[in-house]
Amino acid sequence: MNIYSCESHINRALDEYVANEGTFPAMEPVKKDVKLSTTCSYCDQVPIYIVTNVQSDTTSS
């Protein structure tokens, strides 16, 4: 499960992940030089975090 989140919705994303998966997720920042084709899972803002159970490829160097 991956949830893309802007600054405003990060608490909601963390709560939703824990409720659905029953475990605490990894909260990985999206690197500034990475261009995502998706928006925040809750609004149209650019996501700055990916809430996931594994390290996302978008945070790799």
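Three strands form an open sheet, in the order β1-β3-β2, and they pair in the antiparallel sense. Two strands count as paired if DSSP finds at least two bridges between them.

The edge strands are β1, residues 3-5, and β2, residues 26-29; each pairs on one side only. From one strand to the next, the twist averages 25°. Axes are lines fitted to C-alpha atoms, for helices over the stretch in contact, and angles run from 0 to 180 degrees between N-to-C directions.

A word on the model. It is a predicted one: local features need pLDDT of at least 70, side-chain atom pairs count only at pLDDT 80 or more, and totals for chains, interfaces and linings use all residues. Residues are numbered from 1 along each chain as its sequence is written, and side-chain values use heavy atoms, with hydrogens and water left out.

Now the pairing. Strands of a sheet pair through backbone hydrogen bonds, either parallel or antiparallel. Here β1 pairs with β3, residues 49-52, over three antiparallel bridges. Y4 has I50 as its bridge partner in β3.

What is the order along the sequence? The pattern reads β-α-β-β. That makes one helix and three strands. The helix, α1, covers residues 10-21 and lies across β1, β2 and β3, at about 10° to β3.

Some totals. The protein has 61 residues, and 34% of them are buried. Buried means under 20% relative accessible area, exposed over 50%, and partly exposed in between, with a 1.4 Å probe and protein chains only. Contact means heavy atoms within 4.5 Å. Of the contacts with a separation of 6 or more, 61% join residues 24 or more positions apart.

Next, the core. Which residues build the largest nonpolar core? There are ten: I3, C6, I10, A13, L14, Y17, C40, Y42, Y49 and V51. Both α1 and β3 supply at least two residues each. Helix α1 gives the most, with four. By nonpolar core I mean a set of buried Ala, Val, Leu, Ile, Met, Phe, Trp, Tyr and Cys residues joined through side-chain atoms within 4.5 Å.

Look along β3. In a regular strand the side chains alternate between the two faces of the sheet. Y49 and V51 point one way from β3, I50 and T52 point the other way, and all are buried. V51 touches residues including I3, I10, A13, L14 and Y17, leaving out residues up to four places away in sequence.

Take S5, in strand β1. Is S5 buried or exposed? Its relative accessibility is 0%, so S5 counts as buried. A polar atom of its side chain lies 3.3 Å from the backbone oxygen of H9. Beyond neighbours within four places in sequence, S5 contacts I10, A13, C40, P47, I48 and Y49.

That brings us to C40, in the loop between β2 and β3. C40 counts as buried because its relative accessible area is 4%. C40 and C6 sit 34 residues apart in sequence, yet 5.5 Å apart in space, C-alpha to C-alpha. Past the neighbours within four places, the contacts of C40 are Y4, S5, C6, H9, Q45 and P47.

Last, P25, in the loop between α1 and β2. P25 is buried too, because its relative accessible area is 7%. P25 and N53 are 28 residues apart in sequence and 5.1 Å apart in space, C-alpha to C-alpha. Leaving aside neighbours within four places, P25 contacts L14, Y17, V18, V51 and T52.

Key. A polar contact is a pair of N or O atoms within 3.5 Å; within protein, one must be able to donate a hydrogen and the other to accept it, and residues adjacent in sequence count only if both atoms are side-chain atoms.
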